[in-house]
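Here are some exercises to work through with the model open beside you. Try each task yourself before you read its solution.

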Amino acid sequence: MMKYVIILFSALLLVACKKDKETVSDPAKKDSVTVVQDSVKTDAQKTGIVVDPFPFPKEIKECSCYFAKSKSDFENEKYIYADDAGKTAYMKLDGKRLAMNLISSSDMEVDEELSKEIESDDYKISVKGKKIKGEEALLFEGTLTIEKPDGTVVTLPVYGECGC
């Protein structure tokens, strides 16, 4: 009888040891590494400002300025900025579509340069650009800078057009 108890006990111990080894090897799988990388990416996005493209605003009826990150995005109507050449600028920031006050706007008044200042409670935005020479339309290239009250600053290249 004692012999059977020892064999049963030994078998249980052997099974228990195997389970422990499997558990130990689980964290080394590639899946857990991927999860760690994903969480790092998420944390990086939280510290910046996410600028998403959006369709041309229906609110704009006549004259406007609208910009994309590049010439190809512009041609594919992936706009990141639009304004009604008057009071309101539109952007999609951090997942929210915003209509913000245009504080100042000079479209080609001095040396074919473009300059705009936009403010909301959460963002301060400035657009600077120069007219592209040799183009029939009023096409501009420049930069768009977004600042948040916490000190976060993002600067993007812009390509776009102003006209009526």
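**Exercise 1. Find the polar contact that joins the side chains of Asp83 and Tyr81, and give its length.**

Step 1. The side chains of Asp83 and Tyr81 are joined by a polar contact of 2.6 Å. The term stands for a pair of N or O atoms within 3.5 Å; within protein, one must be able to donate a hydrogen and the other to accept it, and residues adjacent in sequence count only if both atoms are side-chain atoms.

Before you go on, a word on the model: it is predicted, so local features need pLDDT of at least 70 and side-chain atom pairs count only at pLDDT 80 or more, while totals for chains, interfaces and linings use all residues. Residues are numbered from 1 along each chain as its sequence is written, and side-chain values use heavy atoms, with hydrogens and water left out.

Step 2. Now place Asp83: it lies in strand β3. Strands (E, at least two residues) and helices (H or I, at least four) are DSSP runs, numbered from the N terminus.

Step 3. Asp83 has 0% relative accessibility, so it counts as buried. Buried means under 20% relative accessible area, exposed over 50%, and partly exposed in between (1.4 Å probe, protein chains only).

Step 4. Look at what surrounds Asp83. Leaving aside neighbours within four places in sequence, its contacts (heavy atoms within 4.5 Å) include Ile60, Ser64, Leu102 and Lys116.

**Exercise 2. Which strands pair with β3, and in what sense?**

Step 1. Two strands pair if DSSP finds at least two bridges between them. On one side, β2 and β3 are antiparallel and share four bridges; here Tyr66 stands opposite Ala82.

Step 2. Strand β4 (residues 88–93) also runs antiparallel to β3, with two bridges. In this pairing Asp83 stands opposite Ala89.

Step 3. β3 and β4 form a hairpin with four residues between them, and Ala85 in the turn has a positive phi of about 55°.

Step 4. Five of the five residues of β3 (residues 79–83) are buried, so the strand is largely enclosed by the rest of the structure.

**Exercise 3. Find the disulfides and describe how each one links the chain.**

Step 1. A disulfide here is a pair of cysteine sulfur atoms within 2.5 Å. The whole structure holds two of them.

Step 2. The sulfur atoms of Cys63 and Cys164 are 1.9 Å apart. Cys63 sits in the loop between β1 (51–52) and β2, and Cys164 in the segment after β9, so this pair ties together parts 101 residues apart in sequence.

Step 3. Compare the accessibility of these two cysteines. Cys63 is partly exposed at 26%, whereas Cys164 is exposed at 83%.

Step 4. Cys65 and Cys162 form a disulfide with sulfur atoms 2.0 Å apart. The torsion about their S-S bond is about 115°, so the link is right-handed. Cys65 is in strand β2 and Cys162 in strand β9, 97 residues apart.

Step 5. Check the accessibility here too: Cys65 is buried at 0%, and Cys162 is buried at 7%.

Step 6. Finish with the pattern: with the bonded cysteines numbered in sequence order, the pairing is 1-4, 2-3.
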